[in-house]
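Here are my notes for your review.

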Amino acid sequence: MQIIHTVEALRQWRKTAGTVAFVPTMGNLHEGHLALVREAKKRADHVVVSIFVNRLQFGQGEDFDKYPRTLQQDADKLAGEGVSVVFAPDEKELYPNVEQRFNVEPPHLQNELCGKFRPGHFRGVATVVSKLFNIVKPDTACFGKKDYQQLAIIKGFVEDLNFDIEIVPVDTGRADDGLALSSRNQYLNQAERAEAPRLYRELQAVAQAVKAGSVAYAELENQARKHLEDNGWVVDYVEIRHAGSLEVARAGDKELVVLAAARLGTTRLIDNLEISLN
């Protein structure tokens with residue numbers, strides 16, 4: 001496995017590689033990331049994993065400076081998975097002009113759900129992923145469904161901007177108690193970690209009610225919010241949306257997703273659960 005730090009070296013490697021599957025990450029890898037790598041390995045001759053903590057997608061007061069940088073540990077894990085290349089540029093390499101002058105601007109969806117609470121986040125995601133796509137030139141790219149809104153935005157700009165890349169959604173990795181795997185889980189103290197699986201249980205309760213025929217979506221959302229708040233959570237949102245467009249769900253929609261974001265202490269957790277009524 002090679003660790004490549006420059007755009008030029010990565011492009012030179014890419015010239016002689018066959019098909020490439022790509023997994024973009026911010027590092028501090030856990031089992032959920034490795035599941036993406038294993039899916040990618042099924043789909044191409046080579047797997048490239050990027051490790052880059054992208055300043056553009058962090059808002060004011062968020063955890064950019066304290067986000068864990070664990071390149072050597074990450075590289076050891078990826079070598080064990082048979083990855084061909086780890087692309088680990090520094091900030092100057094990926095943003096040579098210091099300030100990114102041109103950005104990929106997502107549509108209105110970027111200001112809803114998580115975007116309502118993290119202004120500019122999805123512009124930062126779309127911009128850095130576009131840059132990485134142009135550098136790596138993958139045939140396939142794998143993204144986890146845990147970041148469901150991110151996945152929808154990436155699928156949208158790949159289609160609208162004519163990137164010749166297959167986007168592969170991968171199911172959310174979970175701990176035995178249902179908690180979605182996330183690098184931010186390590187910020188939870190012992191009591192918070194014990195409480196954290198409630199988020200997924202509330203999503204399951206909403207999904208069960210919808211499958212049983214309830215179309216009182218606002219009532220279900222409010223119930224889930226109250227149950228979380230009663231147990232010490234600070235809730236950003238619990239919402240039922242159309243799974244494809246992420247527009248507000250309407251009675252008659254057959255493919256839905258319930259999404260939530262909430263804080264335990266200082267740690268913000270997100271999760272979602274797809275609901276098929278077909």
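Which elements do the buried residues of α2 pack against? Point 2 takes this up. One caution applies throughout: this is a predicted model.

1. **The sheet.** Six strands form an open sheet with parallel pairing. Their order is β1-β4-β3-β2-β5-β6. β1 (2–4) and β6 (166–170) stand at the edges. Each has a single partner strand, so one side of each has no neighbour in the sheet. From one strand to the next, the twist averages 25°.

2. **Helix α2.** This helix spans residues 31–41. Its buried residues are Gly32, His33, Leu34, Leu36, Val37, Glu39 and Ala40. They pack against β2 (20–25), β3, α3, β5 and β6.

3. UniProt lists His33 under "active site", in an unreviewed entry. The residue lies in helix α2. Is His33 buried or exposed? His33 counts as buried because its relative accessible area is 14%, under the 20% cut-off. Beyond its neighbours within four places in sequence, His33 is in contact with Thr25, Gly27, Asn28 and Ser183.

4. **Strand β3 and its partners.** β3 is largely enclosed by the rest of the structure, because five of its six residues are buried. On one pairing, six bridges join β2 to β3, and the two run parallel. Pro24 has Ser50 of β3 as its bridge partner. The chain passes from β2 through α2 to β3, and this β-α-β crossover is right-handed. On the other pairing, three bridges join β3 to β4, again running parallel.

5. The UniProt annotation "binding site", from an unreviewed entry, covers Gln57. Where does Gln57 lie? It sits in the loop between β3 (46–51) and α3 (71–80). Despite the loop setting, Gln57 is buried, with a relative accessible area of 10%. Its contacts, leaving aside neighbours within four places in sequence, are Met26, Glu62, Arg118, His121, Gly124, Val125 and Val128. The side chains of Gln57 and Asn54 are joined by a polar contact of 2.9 Å.

6. **Glu81.** This residue is in the loop between α3 and β4 (85–87). Glu81 is buried because its relative accessible area is 18%, and the cut-off is under 20%. Which residues does Glu81 contact, apart from neighbours within four places in sequence? They are Leu34, Val37, Arg38 and Lys41. Among these, Leu34 and Val37 are on the list of buried residues of α2.

7. **The β5–β6 side.** Strand β5 covers residues 140–144. It pairs with β6 in the parallel sense over five bridges. Gly144 has Val170 of β6 as its bridge partner. Helix α7 (residues 148–160) lies across β5 and β6. How does α7 run relative to β6? The angle is about 170°.

How values were computed
Residues numbered from 1 in each chain as written. Predicted model: local features only at pLDDT ≥ 70, side-chain atom pairs only at ≥ 80, totals over all residues. Heavy atoms only, no water. UniProt positions renumbered as here; feature names shortened; annotations may be inferred. Helix = DSSP H or I, 4+ residues; strand = E, 2+ residues; numbered from the N terminus. Buried < 20%, exposed > 50% of the residue type's maximum accessible area, 1.4 Å probe, protein only. Contact = heavy atoms within 4.5 Å. Polar contact = N/O pair within 3.5 Å; in protein donor to acceptor, adjacent residues only side chain to side chain. Pairing = 2+ DSSP bridges. Axes fitted to C-alpha atoms, helices over the stretch in contact; angles between N-to-C directions. Right-handed = clockwise from strand over helix to strand, strands pointing away.
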